[in-house]
Amino acid sequence: IRCYSDSDKDYPLEIPVPWPSGTYGLIKARSGCPGDQVNWQSGWRYQDTEDHGTSNRYSDYITYYLAGDFGSNIRTEFCIKTRSTTSDILSRWPEGSYCILKYITCPNDFQEGYIYWDDEDHGNANDKWGVMPDGNYGANTRIDYCCRNDSLHNEAISLPTDRPFVLMRFGGTCQLVEGMDARDLHIRWDDDDTDNNDSADGMHPDDTDANQNHELHFCYYQSSGHGAPHRMELPWPSGTYGLIKTRLGCPGNQGDWQSGWRYQDTEDNDQANSFSDNIEFYLAGEFGVNIKTEFCIKTRDSFTPIMPIWPDGSYCILKYSACLYDFQDGYIYWDDEDTENRNDKWGILPDGIYNGNTRISYCCRNDGPSSTAILLPTDSPFVLMRFGGTCQSVQGMSVRDLYIRWDDEDEDNSDSAVGMHPDDTGPYNNHELHFCYYN
């Protein structure tokens, strides 16, 4: 919408188009829910797909565009508009050929339908969280949709252009949207092979593999030049692992990070903990007469076709469940203070032992020179553990080498380290580890 002055020159004033009124849902983009004009509620559905000869398929680089996990099982994420707000500018969805997610009731001029997935029967691990589209979410999955086909897909419609968003494809081609480029993405679910009950009814999104599997199409819209372009960031590699938490929190919104911390009661007599200057500017935790370190743990093994494995290099990460391919494991053991020991822990922790003493397990690699820059997400600060005497170079990131020295128990000290572990430059019977902070 544009307004013009009646002076000598015309100055266009662009007024953002709001999201239509009604209750409904959209598939969540990797960048999140679209705009802050609507109080979107989030949710996700995790589907356990066929275990034997799994053949889930996706568009290349799908994790550049859609939020979720796309591997041996599939998690899709949703943005749900739960309040039927109205707008004087745009109170109804425009005519066209497309589908949205149903929540409570379909908006005017939409028709409803559903798709039913027969998910894996054996050891079914289906899960859900948050606010969901209408449907059934048990050992199998039914999702309800609202679709319309009352205008040509090549007649551009007006919708908000401030953030990427997703519509479901209907009629074989993505609906044109003014000011937005569209990308047709697909997800194919390999559903249960035994006594498969896949079905669909009513008006539903395009399903191009309806023979005991479903393949749906997602129209991803991104600004075609109005305002700043949306920058695509790399996702975090697949697998389960942990990172040291920075003062700003866990890095980005790319992984299902879970938080935890370990509080270590260090030597009481002539205590000599030491740290890099201003370490609290960089790392989350407490650094004083005792030490608390904080963790970000990726507990789901999500597969990404963009970068499914960690790159070659010289660095360490925290171990959770198992070390990834090309990493080797090891651990460091702290003999914490014996007298009135106040060790504590909370949340999700790296593999290890957390009692009156502390053992933390690591995954390390040394298959590339630290001076050769590797590719990792750059949208927010993060920490790797140093290995080999120098911090690993990361493309687009500056790095700061930080250290923490624990003054461990003085009497009958049993500090130790086994296997491949981060650099430890501490003196005898103490540990001094190095943390590579990237910004």
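**Close-up views of a predicted model**

**View 1. Asp336 is buried, with a relative accessible area of 0%.** Here, buried means under 20% relative accessible area, exposed over 50%, and partly exposed in between (1.4 Å probe, protein chains only). The model is predicted, so local features need pLDDT of at least 70 and side-chain atom pairs count only at pLDDT 80 or more, while totals for chains, interfaces and linings use all residues. Residues are numbered from 1 along each chain as its sequence is written, and side-chain values use heavy atoms, with hydrogens and water left out. Asp336 sits in the loop between β23 and β24; strands (E, at least two residues) and helices (H or I, at least four) are DSSP runs, numbered from the N terminus. Its side chain makes a polar contact with the side chain of Asn343 at 2.8 Å. A polar contact is a pair of N or O atoms within 3.5 Å; within protein, one must be able to donate a hydrogen and the other to accept it, and residues adjacent in sequence count only if both atoms are side-chain atoms. Beyond four places in sequence, Asp336 also touches a set of residues including Arg262, Gln264, Asp408 and Glu409, where contact means heavy atoms within 4.5 Å.

**View 2. Glu337 is a buried residue without a salt bridge.** The nearest side chain of opposite charge, Arg342, is 9.4 Å away. Lys and Arg count as positive and Asp and Glu as negative, with His and the chain ends not counted; a salt bridge is a side-chain nitrogen of Lys or Arg within 4 Å of a carboxyl oxygen of Asp or Glu.

View 3. The Arg45 side chain makes a polar contact with the side chain of Thr141 (3.0 Å), and the backbone oxygen of Asp127 lies 3.2 Å from a polar atom of the Arg45 side chain.

**View 4. Ile104 and Glu340 have positive phi values.** Most residues other than glycine have a negative phi. Ile104 has a phi of about 75° and is found in the loop between β8 (97–102) and β9 (111–117); Ile104 counts as exposed because its relative accessibility is 55%. Glu340 has a phi near 50°, lies in the loop between β23 and β24, and is exposed with a relative accessible area of 69%.

**View 5. The largest cavity holds about 70 Å³ of space.** A cavity is a set of points on a 1 Å grid over the protein atoms alone where a 1.4 Å probe fits but cannot get out; lining residues have an atom within 4 Å of a point. Grid points are joined across faces, edges and corners, and a volume is the space filled by probe spheres set on the points. There are two cavities of 30 Å³ or more. The lining of the largest cavity includes Ile244, Phe295, Trp334, Tyr362, Trp406 and Phe435. Strands β21 (291–298), β26 (358–366) and β30 (431–438) each supply at least two residues of this lining.

Conventions. On a 1 Å grid over the protein atoms alone, a cavity is a set of points where a 1.4 Å probe fits but cannot get out, and a pocket is an open set with protein on both sides within 12 Å along at least five of seven lines; lining residues have an atom within 4 Å of a point.
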